[in-house]
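Please look at the sequence and the structure below before reading on. The report that follows is meant to be read slowly, with the picture at hand.

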Amino acid sequence: MSLVDQTAVGTDGRHTDVAVRLDGVSKAYGRGRSALLALDRVSLDVRRGEFVCLLGASGCGKSTLLSLVAGLDAASGGSIDTGGHRVSLMFQEPALFPWLTVAKNVEIAMRLRGVGRDERRRRAEELLETVRLSGFARKRPHELSGGMRQRVALARALAQDADVLLMDEPFGALDAMTRDILHDELERIWRERSLTVLFVTHNVREAVRLGDRVILLSSRPGRIIEDFPVDQPRPRRIDSAEVAELAATITDRLRTEVSRHAH
Amino acid sequence: MPTESRTELAKPPAARTATTDEVAGLDALELGPASKEGRAARLGRRVWDSLWPKLLAVALVIAGWQIVYLTEWKPPFALPDPLTVFADMGELIPTAEFARAIGITMQRAVIGFLIAVVIGTLIGAAVARFRPLRAAIGSLITGLQTMPSIIWFPFAILLFQISETTIMFVVIIGATPSIANGLISGIDYVPRVWLRVGKVLGMRGLNLYRFLILPASLPSFVSGLKQGWAFAWRSLMAGELLVIVAGQGSIGVLMQGAREFNNAPRLLSWIIVVLVIGILVDIAFNAFDNALRRRWGLTQS
């Protein structure tokens, strides 16, 4: 297995097929001596249609990185270029609005962009079908299970017409069975819609199951320490021997990194 | 290894993806079985479940009252027995005077409360929105809320003499702080993750308030309204007993009249009427609050 992927990190010049480019991105919280460096000169190119998993232990700034790319927060240094792509961000909590029905939760993304009512309704229906929740349009979020709510959140993100989807441990709060099925579903939708996905997780197997590449970040400060290409055919099974093997390699590397913080 | 796996693409390995049935099956399992009980039966049982403890409580109070009456602790003209009072109520309720009194008092209560809602909402929104304003008057509002509003009457009488305005002034000053505070805490406690979602969805400025902050603060606002109503109602009763406006036969005026004639059954009748009005309004607020909570999934069942 080659650890250096020619098309991956910090390549030459500008590629037209790069969806997200991070160039020397740093993020510090606070000022002066008490400042905490969350991200340290992170450079990363995500190609269009690529599925990239960011992996790291606590304190590696993976969520910070997504906030920066989504524009929720400003970087302290370096530059982020999303090349005019529409970006949406999903969290570990579905964070649906309880005063709206499932369909209206999906529609609100379009409503804010001034999409007309009939068009909104039609597209929300279509998106709910995509996440296989056609029959639940009129339900309230609390009437759905955790996995179903997360699929509504996915539909809402897709309703923004985003082609870059940032996901911050979106399946972290779900049980294993539901998570497995959602991996399949996400992979299907990613492929059908040619999305670019930047997926943050601390679950190594999940990263290998889903990613074209797994980027390993160090902790405090967050730096890219390794970039693992996953050259395994899809669809993969999270419990397959190939996934387990690569996951073991990555876990070893991660443990070495974590033990560095013992002293 | 990369080259090997490329060739494998042609023949899919043991891996498989989720089928429609799998997804739907898991959803159905996680949602649990639907309740078999009919809607009407459920409603009937709910009403009965909440009704019988109240009926029991009323029965106990009346029984206790009757016992105290029988001990002759106070002379019957001061403390009549329950039957005498109920008979008096039977006479009072059909009269035009009764309807007029309820009309005058409720009109004051509703108008005063609505004005307080408008003022409280404006103050609450302004305080929640502008940081310096919060520092300046945030704690003042909480302070006002703890004040018994009857304390304002002597001053209000100086300002507005014996008039409707005096009563309204105290009703409004009693209700406004609770309403403002309800809105402020609702806005303060909008979950951070919702705000982040709002930002991701592109909500800015007015849209953020319209689509996120105001609906999200609704439950807290409703509690503020409920509390504000309670203060308005208390202030109004105090006001009507203190400030007798000529020609306005409100509940307070008629009660003062009954006291002057040592008419204890009539006084107790009015007390019961005021209690019942309080309970009815409370039921209305609770019904609204519960409907809201059910819609939001804040309650189990």
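## A predicted model

The structure is a predicted model, and every value in this report should be read with that in mind.

## The make-up of chain B

## The overall form of chain B

Along its principal axes, the C-alpha trace of chain B spans about 105 × 55 × 35 Å.

Of the 301 residues in chain B, 27% are buried. When one considers the contacts in chain B between residues at least 6 apart in sequence, 76% of them join residues that are at least 24 apart.

## Where chain A meets chain B

The contact between the chains draws 36 residues from chain A and 35 residues from chain B. On the side of chain A that touches chain B, the elements that give two or more residues are strand 5 (87–90), helix 2 (102–111), helix 4 (146–158) and helix 5 (176–192) of chain A. Helix 5 of chain A gives the most to this side, with six residues.

Sorted by class, the side of chain A that touches chain B holds 18 nonpolar, eight polar and ten charged residues.

Notes: Residues are numbered from 1 along each chain as its sequence is written. Chains are lettered from A and ligands numbered from 1 in the order in which they are written. This is a predicted model: local features need pLDDT of at least 70, side-chain atom pairs count only at pLDDT 80 or more; totals for chains, interfaces and linings use all residues. Two residues are in contact if their C-beta atoms, placed from the backbone, lie within 7 Å. Helices (H or I, at least four residues) and strands (E, at least two) are DSSP runs, numbered from the N terminus. Ala, Val, Leu, Ile, Met, Phe, Trp, Tyr, Cys and Pro count as nonpolar, Asp, Glu, Lys and Arg as charged, and the others, Gly among them, as polar. A residue is buried if 20 or more other C-beta atoms lie within 10 Å of its own, exposed if 12 or fewer, and partly exposed in between; C-beta atoms are placed from the backbone.
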